[in-house]
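Subject: Structure handover

Hello,

Here is the structure we talked about. Please open it and keep it beside you as you read my notes.

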Amino acid sequence: MVLGKIDTPPNAAYFVERTEGCSTQQTIKLVTQFFAPDYAATGQLLDELVRQLAKQGMPVEVFTGQPGYADGIESAPHHETSHNLDIRRSRLTKLWSRRIRGKALNGVLFMIRAFFHLLFDGKDKMLLLTTAPPFLPVVGYLISLLFNTPYVVILYDLYPDIAIELGVVDYHHPVAKLWRWVNQRVWRRAKSLIVLSPSMKERVVGHCPDIADRVEVIHSWADPELIKPIEKKDNWFARQHGLVDTFTVLYSGNMGRCHDIDTIFEAAKLLRNEPIKFVCIGGGAKREKLIDDVKAEGLDENFLFLPYQDKKDIPYSMTACDVSLVSVSEGMESLVAPSKLYPALAADRPIAVICPQSAYLRKLISQARCGASFINGDSAGLAKFLRQLSQTPNQKRTMSDAGRRYLEAFFTVDVIAKQYASVLSKVSLPQRGTQ
């Protein structure tokens, strides 16, 4: 394995040329329901992004909600300010917040609050909206209709496509048809759409071909200064949970409907007699079923389940393993992009990815030379790879170093923030009085 040359991921060279000298003084107004100190990955990433944009000279305002996914944190400051950054948090109703209907209701309430907030403090700023909640970009569309305000949308998840793929709603259902109709109008009026992977761009352009030139691919990232390589013997988290002398396989993050947990579980069954432990950190719709399956199969000694960790503890939880897992369910490869990949690269550990054959993750892992990819259902292949890594420390070390180098070259917050700045700097506020 040659480590002298690092292959460039798609879109990286394109952005390198465009980000030189990019700057803007117009204020960016980020609107998102989830933001730090929420444990939700989007909230943590957006916090890092806006602070980096502010550091690079771009004034940013944030309108968000109170923490909804941070156990033990009831509320965050209503108003925070620092250099070039102003954060305002609306009260967030937490009615049945652990249930799907409750989450949907809370999302609607936040969308209403965001609309009225932007009526009074948003029409003269450039709006940056996320799909958290999924229908939030409609607020930007309405404000743009009223005041000709420009907006950019970050598409973290593609709805109603995800709901259709999961069987929640039929493709021809009136709700799905209406959602696609609304999406097309929101996307066409947006100045730019930012997606997290090339396959997501293909899906969006397939729905709305006339916006192809305004869809930008910008990956997620991780902070290599926050997550640094730590040997397990020097890691308090590994010592606390008895992982120092055990080959540890880590799944950190959401165990949701879009993630392939079954292949991981079946691999664990094949490795039941091996000195290998699976550590699952986080929550999600599939977590309880996995816990039940583990108990039913008598694999309690092979698994450790832990809740989401505070951000300050993530550098230690991510490095308390020997290999990290990333998974995407079949059919979801163009609908979601797992952000857990990038902290895993920063942690200086090999990565095993479970995903469909066509997923962009396979190419990325191959380019980075940092692990291996397995199609959904290939539990035997995954088990063989994990067993091999547990017996070949030199191969594990080589893959670890390659992944860390790849992240440092292409997926740091500094690099990615410049790509966002490049997109945002193309958008100009209209002269008032023109519609």
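Start with one side chain. Phe-116 has a relative accessibility of 47%, so it counts as partly exposed. The cut-offs explain the label: buried means under 20% and exposed means over 50%. Do keep in mind that this is a predicted model.

Where does Phe-116 lie? Look in helix α3, which covers residues 100-120. Next, find Ile-143. Phe-116 and Ile-143 are 27 residues apart in sequence. In space, their C-alpha atoms are 9.7 Å apart.

Now the whole chain. The protein chain has 435 residues, and 56% of them are buried. Its secondary structure comes to 16 helices and 14 strands. I also looked at contacts between residues at least 6 apart in sequence. Of these, 75% join residues at least 24 apart.

Two helix pairs come next. Two packed helices are described by the angle between their axes and the distance between the axes.

First pair: α4 and α6. Helix α4 spans residues 137-147, and helix α6 spans residues 174-189. They pack at an angle of about 60°, with their axes 10 Å apart. Angles of 65 to 115 degrees would count as roughly perpendicular, so α4 and α6 are oblique to each other. Their crossing is left-handed. On the α4 side, the contact uses Pro-137, Val-138, Tyr-141, Ser-144 and Leu-145. On the α6 side, it uses Val-182, Arg-185, Val-186 and Arg-189. By class, the contact of α4 with α6 has 6 nonpolar, 1 polar and 2 charged residues.

Helix α2 is residues 41-55, and helix α16 is residues 413-424. Their axes come within 9 Å and cross at roughly 70°. That angle makes α2 roughly perpendicular to α16. From α2, the contact takes in Glu-48, Leu-49, Gln-52 and Leu-53. From α16, it takes in Val-413, Asp-414, Ala-417, Tyr-420, Ala-421 and Leu-424. The classes here are 7 nonpolar, 1 polar and 2 charged.

Last, look at helix α14. It has 13 residues, 379-391. From first C-alpha to last it reaches 18 Å, close to the 18 Å expected at 1.5 Å a residue. Which residues of α14 are buried? They are Ser-379, Gly-381, Leu-382, Ala-383, Phe-385, Leu-386 and Leu-389. An α-helix has 3.6 residues a turn, so residues three or four places apart point the same way.

Best wishes

Technical notes. Residues are numbered from 1 along each chain as its sequence is written. This is a predicted model: local features need pLDDT of at least 70, side-chain atom pairs count only at pLDDT 80 or more; totals for chains, interfaces and linings use all residues. Side-chain values use heavy atoms; hydrogens and water are left out. Helices (H or I, at least four residues) and strands (E, at least two) are DSSP runs, numbered from the N terminus. The expected span of a helix is 1.5 Å times one less than its number of residues. Buried means under 20% relative accessible area, exposed over 50%, partly exposed in between (1.4 Å probe, protein chains only). Axes are lines fitted to C-alpha atoms, for helices over the stretch in contact, and angles run from 0 to 180 degrees between N-to-C directions. Angles under 35 degrees count as roughly parallel, over 145 as roughly antiparallel, 65 to 115 as roughly perpendicular and the rest as oblique. A crossing is left-handed if the near helix is turned anticlockwise from the far one by less than a right angle, and right-handed if clockwise. Contact means heavy atoms within 4.5 Å. Ala, Val, Leu, Ile, Met, Phe, Trp, Tyr, Cys and Pro count as nonpolar, Asp, Glu, Lys and Arg as charged, and the others, Gly among them, as polar.
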